[in-house]
Amino acid sequence: MRIVIAGGHGQIALRLEKLLSARGDEVAGIIRKPEQGDDLRAAGAEPVLLDLESATVEGVAAHLQGADVAVFAAGAGPGSGAARKDTVDKGAAVLFADAAVRAGVRRFLVVSSMGADPGHEGDDIFDVYLRAKGEADAHVQRQEALDWTVLRPGSLTDTPGTGLVRLEAHTGRGAVSRDDVAAVLVELADTPATAGLTLELIGGSTPAPVAVKSVAGN
């Protein structure tokens with residue numbers, strides 16, 4: 001498959017690129033800074049230099065032509081202010097989804113966040129973040145031309161992945177390794193029967209492939 005990942009230099013994206021390229025998929029990662037390119041190449045991915053905060057739908061769609069799967073894994077990051085939550089966590093996600101529709105890429109995966117909700121209240125930066133992610137998810141979920149799956153991990157850790165997860169519509173709070181998030185994304189990319197699902201993900205006791213198959217079509 002050819003898979004294009006927005007936020008290609010993110011911590012989850014780099015792990016995902018390694019997994020996909022290792023099994024022979026053609027992977028491209030969208031990045032903002034040229035100096036990030038070497039890290040993508042080391043992960044087996046093709047760097048695509050494009051700023052999603054200033055790009056057009058047509059410009060992004062050109063890079064999505066011929067892709068089998070589009071993955072939105074970009075984020076403004078923990079050090080960013082409220083303005084970039086709106087332009088990246090919401091705006092770039094909306095742009096990427098619209099570009100996927102324009103390019104005819106049906107399979108669309110979103111790395112969201114547990115608690116994302118367009119109606120989330122509060123003015124703290126994390127409140128703004130959850131609201132932005134929720135608004136982005138809602139936009140994607142309205143796109144009838146996309147076979148979307150929204151993945152909402154719990155608290156992210158850098159501990160080595162176990163391959164064992166809990167993946168359900170509602171898991172309750174918990175932590176999950178970034179390694180295991182990437183592993184679940186690989187399985188979701190291979191399982192179009194999960195289209196239309198919004199899933200929460202934490203560490204658990206079920207192997208990732210089994211967890212994805214068990215929710216497929218539900």
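Helices (H or I, at least four residues) and strands (E, at least two) are DSSP runs, numbered from the N terminus. This is a predicted model, in which local features need pLDDT of at least 70 and side-chain atom pairs count only at pLDDT 80 or more, while totals for chains, interfaces and linings use all residues. Residues are numbered from 1 along each chain as its sequence is written, and side-chain values use heavy atoms, with hydrogens and water left out.

Keep the whole chain in view. Its C-alpha atoms fill a box of roughly 45 × 40 × 35 Å, taken along the principal axes. Of the 218 residues, 50% are buried, where buried means under 20% relative accessible area, exposed over 50%, and partly exposed in between (1.4 Å probe, protein chains only).

Next, select helix 4, residues 82-103. This helix of 22 residues reaches 30 Å from its first C-alpha to its last, close to the 32 Å expected at 1.5 Å a residue; the expected span is 1.5 Å times one less than the number of residues. Centre the view on G91, where helix 4 has a kink of about 35°. The bend at a residue is the angle between axes fitted to the seven residues ending there and the seven starting there. Just after the helix, G104 takes a positive phi of about 80°.

Which elements cover the buried residues of helix 4? Among them are strand 1 (2-6), strand 2 (26-31), helix 3 (57-64) and helix 5 (125-141). The buried residues themselves include K85, D89, L95 and F96.

Now select I5, L151, L167, V184 and L185, the residues with the most contacts inside the largest nonpolar core, which has 35 residues. Such a core is a set of buried Ala, Val, Leu, Ile, Met, Phe, Trp, Tyr and Cys residues joined through side-chain atoms within 4.5 Å. Helix 6 (residues 178-189) gives the most to this core, with seven residues. A second, separate core of 31 residues includes L50, V60, A136 and L146.

Finally, select A169, in the loop between strand 8 (164-168) and strand 9 (175-177). Is A169 buried or partly exposed? A169 is partly exposed, because its relative accessible area is 44%. Leaving aside neighbours within four places in sequence, A169 is in contact (heavy atoms within 4.5 Å) with T198, L199 and E200.
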